[in-house]
Amino acid sequence: MTKCFSFTASRDWCYRYTFAHAGLKSISTDLGDGTTIHCWVPKTIKPSKPNLLLIHGFGANAMWQWSDLLRPFVPRFNLYVPDLLFFGQSFTTRPERSESFQALCLMKLMEAHQVQKMSFIGVSYGGFVGYSLAAQFPEAVEKAVLCCAGVCLEEKDLRDGLFRVSDLDEAASILLPQTPEKLRTLVGMSFVKPAKTMPSWFLRDFIEVMCTEYIEEKRELLREILKDRRLSNLPKITQPTLIVWGEQDQIFPLELGHRLKRYHLGENAELVVIKNAGHAVNLEKIKEFYKYLKAFLIDNLPVNDQHSSHHPSNHENNNNHDHH
């Protein structure tokens, strides 16, 4: 019997509608070297508004991770929401798999759209790519937001027991789930309060639609993150940086956030810890996450950048203070 309905595919279609309705359009840009990057870009560029790049982590595609932040950000910024290589509709025939290559491709993408200066928010793996972007192109990146991005991890951290997993293969089997059981494990590790019921048919559908393409390439991306990684080799970025972490992150433990702030970026960075949140803090505590983003990215913008048509969204009506 053929399957007629896919909940995941219809959800993907709804996200598409949300992005288009928010004033963004879907464009694939051929970078000319066997690399094509898909990105949601503004239908109308407002030169008076700053540019903001939203960089997703491992997961479905950019739409699934960023749809909740469109409404408060679109009035304030020219928003760019790309799919990283081997996610969504972005791919390359080139052999490079490093985050620095991903960052280089993003820079070429932004240049193709005549964007010279930008800030970014990078979640998890997207934070690795964003960090590399800020390090390689300091004159182009104005502000950096790193969310649960363990950029200062070291290869030996796996052996030393910092993580729930002990080797790359185990990490890949969870971060790139191919069975409902592994996807349940990933959700359980990403959220403090995961959904109570996750029927296997739904998880199977999600894996089939979202997690089977480019699986080998994604494994290579993971391998590249860890390979010979040492804090002493990590460049220091000079842009004002906001580090946001879920207190109970089981993918990249909070210790990595403290390590980045205390031993690497120092006074240049501010670390915010959100309580009762895990790795998926951008989805689990969206109101609080946005509150810190607003304070860092929006509140001190010049008046002409604070777009007059903005109506406070429900993301802003949150008064919890878990600022460490």
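# Exercises on a pocket, salt bridges and the backbone

Helix α5 contributes five residues to the lining of the second largest pocket, the largest share of that lining. The model is predicted, so local features require a pLDDT of at least 70 and side-chain atom pairs a pLDDT of 80 or more, whereas totals for chains, interfaces and linings use all residues. Residues are numbered from 1 along each chain as its sequence is written, and side-chain values use heavy atoms, without hydrogens and water.

## Exercise 1

Describe the second largest pocket and its lining.

**Solution.** 

Step 1. A pocket is an open set of points on a 1 Å grid over the protein atoms alone, where a 1.4 Å probe fits and protein lies on both sides within 12 Å along at least five of seven lines; lining residues have an atom within 4 Å of a point. The volume of the second largest pocket is about 290 Å³ (the space filled by probe spheres set on points joined across faces, edges and corners).

Step 2. Its lining consists of 17 residues, of which Glu 99, Arg 229, Asn 233, Leu 234 and Pro 235 are the closest to the centre.

Step 3. Helices and strands are DSSP runs, numbered from the N terminus (helices H or I, at least four residues; strands E, at least two). Helices α4 (99-112), α5 (125-136) and α10 (215-226) each supply at least two lining residues.

## Exercise 2

Which residue forms a salt bridge with Lys 156, and how many salt bridges are counted?

**Solution.** 

Step 1. Side chains of opposite charge can pair when their charged atoms come close. The rule for a salt bridge is a side-chain nitrogen of Lys or Arg within 4 Å of a carboxyl oxygen of Asp or Glu. Under this rule the count is 12 salt bridges.

Step 2. The partner of Lys 156 is Asp 160, with a distance of 3.6 Å from N to O.

Step 3. Accessibility is classed as buried (under 20% relative accessible area), exposed (over 50%) or partly exposed (in between), with a 1.4 Å probe and protein chains only. Lys 156 is partly exposed because its relative accessibility is 38%. Asp 160 has a relative accessible area of 53% and is therefore exposed.

## Exercise 3

Examine two salt bridges within helices, Glu 216 with Arg 219 and Glu 255 with Arg 259.

**Solution.** 

Step 1. Glu 216 and Arg 219 are joined by a salt bridge of 2.6 Å, N to O. Both residues belong to helix α10 and are three residues apart, about one turn of the helix.

Step 2. Glu 216, with a relative accessible area of 44%, is partly exposed. Arg 219 is also partly exposed, at 25%.

Step 3. In the second pair, the closest N and O atoms of Arg 259 and Glu 255 are 3.7 Å apart. These two residues are four residues apart in helix α11 (residues 255-265), so about one helical turn separates them.

Step 4. Glu 255 is partly exposed at 45% relative accessible area, whereas Arg 259 is buried at 12%.

Step 5. Elsewhere, salt bridges with shared partners link Asp 33, Arg 94, Glu 96 and Lys 108 into one network.

## Exercise 4

Are Leu 203 and Leu 260 buried or exposed?

**Solution.** 

Step 1. Leu 203 is located in helix α9 (residues 200-211). Its relative accessible area is 2%, so Leu 203 is buried.

Step 2. Leu 260 is part of helix α11. Leu 260 counts as buried because its relative accessibility is 0%.

Step 3. Leu 203 and Arg 184 are 19 residues apart in sequence, and 8.1 Å lies between their C-alpha atoms. For Leu 260 and Ala 149, 111 residues apart along the chain, the C-alpha atoms are 9.7 Å apart.

## Exercise 5

Describe the phi angles and surroundings of Phe 86 and Gln 114.

**Solution.** 

Step 1. Most residues other than glycine have a negative phi. Phe 86 is not glycine, yet its phi is positive, near 75°. Gln 114, likewise not a glycine, has a positive phi of about 60°.

Step 2. Phe 86 occupies the loop between β4 (78-82) and β5 (91-92). Gln 114 occupies the loop between α4 and β6 (118-123).

Step 3. With a relative accessible area of 2%, Phe 86 is buried. Gln 114, by contrast, is exposed, because its relative accessible area is 67%.
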